[in-house]
Structure formats: C-alpha cells, structure tokens
Amino acid sequence: MDSGRLPAASRLSQSTSTSDQAWLESILAAHPRLGQSKIDSTQSKAEQAQLNAGDDSQRQVLSQLNDLYEKTFPGLRYIVFVDGRDQAAIMEDMKFRIERQDSVAERNAAIKAMCEIAADRVRSASVEDDD
C-alpha cells in the first residue's frame with residue numbers, strides 16, 4: 001500500500017516532522033479515559049457503558065490503571081477498540097501494556113486502535129444510512 005493510501009494517523013506516525021508528531025500526540029491524548037463518566041460521543045458512551053457496569057471497587061481499579069498508564073506513558077491515554085470486550089479483558093490488556101513499558105509499541109497500539117475505532121464508526125454510519 002503506498003503512503004497516499006495509508007490512513008492519516010499511520011502517515012502521521014511515520015512522519016519525522018515535529019509539527020506532525022505534535023498533532024498526532026494531541027489526537028491520541030484527546031481520547032476519553034476508559035470508564036470516564038463525561039463523554040461527548042454517543043457511540044463512545046455506548047461502547048464504554050459496559051466498563052461502567054461494575055461495582056465501585058472495579059471502577060476504582062480502572063481509575064487506578066488509567067492513572068498508572070498515563071504515568072507510564074506521559075501524554076498518552078490508553079486506547080483500545082472496546083466494542084465487544086468485557087471489563088476484565090480490557091483491564092488485563094491495560095495491565096499487559098503497562099507492564100510491557102514499551103513507549104514505541106504503545107504509541108503504535110494507540111494509533112492502530114484509533115484506526116479500528118474510526119473504521120467501526122464509518123461502518124456504523126453506513127449501516128445507519130442504509131436503514
């Protein structure tokens with residue numbers, strides 16, 4: 001696939017331009033925290049609803065994992081394509097990625113997840129338009 005056909009986030013991640021890197025970092029940092037109660041997107045609210053379904057202790061653990069993740073990877077938010085995954089699976093993935101402590105792999109995982117989320121949004125919009 002030539003670079004003209006790569007998703008914008010992938011092209012940005014390959015750029016050596018400081019402004020491109022800064023823009024990408026701001027996109028990644030703008031993603032809502034998992035389990036966050038105030039989310040603007042209707043789709044994100046629906047996807048994250050299952051993460052808020054647990055009891056207070058589970059929400060507390062998720063909040064602590066968010067804090068640890070952001071301390072481990074300054075400037076990033078934990079990003080994953082939530083749809084269809086339960087809270088336990090998400091938290092296990094989050095722990096794995098924190099313990100891995102690989103900033104490059106984490107940045108790439110965040111970009112991949114953003115692309116998966118965007119592709120799902122396009123598919124969902126297409127289905128809604130067909131109805």
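## Helix α2

In this predicted model, the buried residues of helix α2 are Gln21, Leu24 and Leu28. Viewed along the axis of α2, these buried residues lie within an arc of 65 degrees, so they line one face of the helix. In general, an α-helix has 3.6 residues a turn, so residues three or four places apart point the same way. The other side of α2 carries Thr18, Ser19 and Trp23, which are exposed.

Helix α2 comprises residues 18–29. Its 12 residues should span 16 Å at 1.5 Å a residue, and the end C-alpha atoms are 16 Å apart, which agrees.

## Overall composition

The protein contains 6 helices and 0 strands. Read from the N terminus, its elements follow the order α-α-α-α-α-α. Of its 131 residues, 33% count as buried. Among contacts between residues at least 6 apart in sequence, 66% join residues at least 24 apart.

Gly75 is placed in the loop between α4 and α5. With a relative accessible area of 46%, Gly75 is partly exposed, a class that lies between the limits of under 20% for buried and over 50% for exposed.

Leaving aside residues up to four places away in sequence, Gly75 touches Glu25 and Ala29. Gly75 and Ser26 are 49 residues apart in sequence, and their C-alpha atoms are 8.2 Å apart in space.

## Helix α4

Helix α4 spans residues 56–72.

Leu62, Leu65, Asn66 and Tyr69 are the buried residues of α4. Seen down the axis of α4, they fall within an arc of 105 degrees, so they line one face of the helix. The face of α4 turned away from this buried side bears the exposed residues Asp56 and Lys71.

## Helix α5

Helix α5, residues 87–100, has 14 residues. From its first C-alpha to its last, α5 reaches 20 Å, close to the 20 Å expected at 1.5 Å a residue.

Within α5, the residues Gln87, Ile90, Met91, Met94, Arg97 and Ile98 are buried. They cover an arc of only 125 degrees around the axis, which puts them on the same side of α5.

## Packing of α4 against α5

The axes of α4 and α5 come within 10 Å and cross at roughly 25 degrees. Because angles under 35 degrees count as roughly parallel, this crossing makes α4 roughly parallel to α5. The crossing in which α4 passes α5 is left-handed.

On the α4 side, the contact is made by Gln58, Val61, Leu62, Leu65, Asn66, Leu68, Tyr69 and Thr72. Helix α5 contributes Gln87, Met91, Met94, Lys95, Arg97 and Ile98.

## Gln101 after α5

Gln101 follows α5 and is found in the loop between α5 and α6, the latter being residues 103–130. Although Gln101 is not a glycine, its phi is positive, about 50 degrees. Most residues other than glycine have a negative phi. Gln101 counts as exposed because its relative accessibility is 59%, and the exposed class begins over 50%.

Technical notes
Residues are numbered from 1 along each chain as its sequence is written. This is a predicted model: local features need pLDDT of at least 70, side-chain atom pairs count only at pLDDT 80 or more; totals for chains, interfaces and linings use all residues. Side-chain values use heavy atoms; hydrogens and water are left out. Helices (H or I, at least four residues) and strands (E, at least two) are DSSP runs, numbered from the N terminus. The expected span of a helix is 1.5 Å times one less than its number of residues. Buried means under 20% relative accessible area, exposed over 50%, partly exposed in between (1.4 Å probe, protein chains only). The arc is that of the directions from the helix axis to the C-beta atoms. Axes are lines fitted to C-alpha atoms, for helices over the stretch in contact, and angles run from 0 to 180 degrees between N-to-C directions. Angles under 35 degrees count as roughly parallel, over 145 as roughly antiparallel, 65 to 115 as roughly perpendicular and the rest as oblique. A crossing is left-handed if the near helix is turned anticlockwise from the far one by less than a right angle, and right-handed if clockwise. Contact means heavy atoms within 4.5 Å.
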